Amino acid sequence: MTSRPFLPRSRARWIVFVLFGWAIVAVVQAAQGYFLAAHSGTSQSWWPTLAYTLAIYSVWALLTGPIVAAILAIERQVRTHALRIAAYVALWPAVSALHVLVFAVLYWPAYRGESVPTRWAMADRMFVRNLDTNTLLYFALLGVVLFGLRLRRRRAATGDPSPPAPDDALLIRNRGHVRRVPLDTIDWIGAAGDYVEVHAAGRVELFDESLASLAARLPAGSFARIHRGALVRIDRIRDIEPIGRGDAHVRLVTGERLRLSRRFRTNLAALIAPA
């Protein structure tokens with residue numbers, strides 16, 4: 001349900017964008033290596049240098065989509081910054097290893113030799129030799145995606161506001177379209193990182209909006225915040241079970257059980273007071 005950050009939306013434009021971007025990087029790096037070699041007196045042929053560099057970055061072009069998808073998944077599903085950082089660090093060696101493995105599978109026939117008699121030997125050698133470059137490229141790509149996400153959220157916050165909710169539906173703008181979610185189908189809404197998950201009619205819809213912003217667009221008489229990461233439709237509450245220290249469990253008619261924080265007890269005062 002989410003859109004790519006500041007990137008082309010159609011598949012064809014996305015492919016062109018990725019291929020053109022990595023091709024530019026490959027040409028720049030090949031030119032740098034060529035002129036540095038010439039300056040040091042160990043000149044090298046331009047076309048073989050360019051061909052090898054393009055081969056390296058063609059693999060990065062293949063991996064860009066999965067890497068971006070993994071980063072967006074981490075942003076959606078991992079809520080704390082510390083865990084996100086740990087996930088990004090854990091992804092780094094996996095990306096580097098995958099890059100050299102794919103390169104060895106695709107290009108070993110062209111670059112095989114006595115020093116690399118097998119694909120595994122080529123992958124092992126390239127992993128060590130390219131670890132620094134792959135590290136730099138991975139974190140550069142990570143930075144671009146995170147910057148794009150932040151830029152898109154900032155534009156959304158300062159641009160056209162989301163349409164106000166009518167009495168019977170929640171309207172959410174996504175990719176230039178407005179989606180209508182009837183309020184009477186919503187059970188509860190939970191935070192998912194910088195996104196929200198709307199649990200409605202047995203389905204979970206993911207939207208690119210903060211929980212606080214979405215809560216402000218809902219009728220206060222029908223919905224209540226019960227935790228910093230959740231709000232519920234009041235008429236979906238079956239019972240409230242105290243668990244001590246002012247906290248409680250809220251059980252919905254669907255059978256789901258959510259945490260009621262003592263900070264938000266007053267939002268359900270009318271339901272708690274009789275008990």
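**Notes on a predicted model**

Biologist: T49 first. Buried or exposed?

Modeller: T49 counts as buried, at 16% relative accessibility. Buried means under 20% relative accessible area, exposed means over 50%, and partly exposed is in between, using a 1.4 Å probe and protein chains only.

Biologist: Before we go on, what kind of model is this?

Modeller: This is a predicted model, in which local features need pLDDT of at least 70 and side-chain atom pairs count only at pLDDT 80 or more, while totals for chains, interfaces and linings use all residues. Residues are numbered from 1 along each chain as its sequence is written, and side-chain values use heavy atoms, with hydrogens and water left out.

Biologist: Fine. Where is T49, then, and what does T49 touch?

Modeller: T49 is in helix 2. Not counting residues up to four places away in sequence, T49 touches A30 and Q44. Contact means heavy atoms within 4.5 Å.

Biologist: How many helices and strands are there in the protein?

Modeller: Seven helices and ten strands. Both are DSSP runs numbered from the N terminus: helices are H or I with at least four residues, strands are E with at least two.

Biologist: How do helix 1 and helix 2 pack?

Modeller: Their axes are 8 Å apart, and the packing angle is about 145 degrees. Axes here are lines fitted to C-alpha atoms, for helices over the stretch in contact, with angles running from 0 to 180 degrees between N-to-C directions. Helix 1 passes helix 2 in a right-handed crossing. A crossing is right-handed if the near helix is turned clockwise from the far one by less than a right angle, and left-handed if anticlockwise.

Biologist: Which residues meet there?

Modeller: On the helix 1 side they include W14, V18, W22, A30 and Y34. On the helix 2 side they include W46, T49, Y57, W60 and V68. The residues of this contact divide into 17 nonpolar, five polar and no charged. Nonpolar covers Ala, Val, Leu, Ile, Met, Phe, Trp, Tyr, Cys and Pro; charged covers Asp, Glu, Lys and Arg; the others, Gly among them, are polar.

Biologist: Which residues do ring pairs link into a cluster?

Modeller: Y34, F35, W46 and W47.

Biologist: Switching to charges. How many salt bridges?

Modeller: Eight, where a salt bridge is a side-chain nitrogen of Lys or Arg within 4 Å of a carboxyl oxygen of Asp or Glu. One of them joins E75 and R84, with the closest N and O atoms 3.4 Å apart. E75 is buried at 5% relative accessible area, and R84 is buried at 6%.

Biologist: What about D247?

Modeller: D247 forms a salt bridge with R259, the closest N and O atoms being 2.9 Å apart. D247 lies in strand 9 (residues 247-252) and R259 in strand 10 (residues 257-260), so the pair ties together parts twelve residues apart in sequence. D247 is buried at 10%, while R259 is partly exposed at 40%.

Biologist: Which residues are linked in a network of salt bridges?

Modeller: D187, R233, D235 and R236. Within it, D235 and R236 meet at 3.5 Å, N to O.

Biologist: Last one. What is phi of A201?

Modeller: Near 55 degrees, a positive value in a residue other than glycine. Most residues other than glycine have a negative phi. A201 lies in the loop between strand 4 (195-200) and strand 5 (203-207), and at 60% relative accessibility A201 counts as exposed.

Methods: Phe/Tyr/Trp six-rings, centres within 6.5 Å; stacked < 30°, edge-to-face > 60°.
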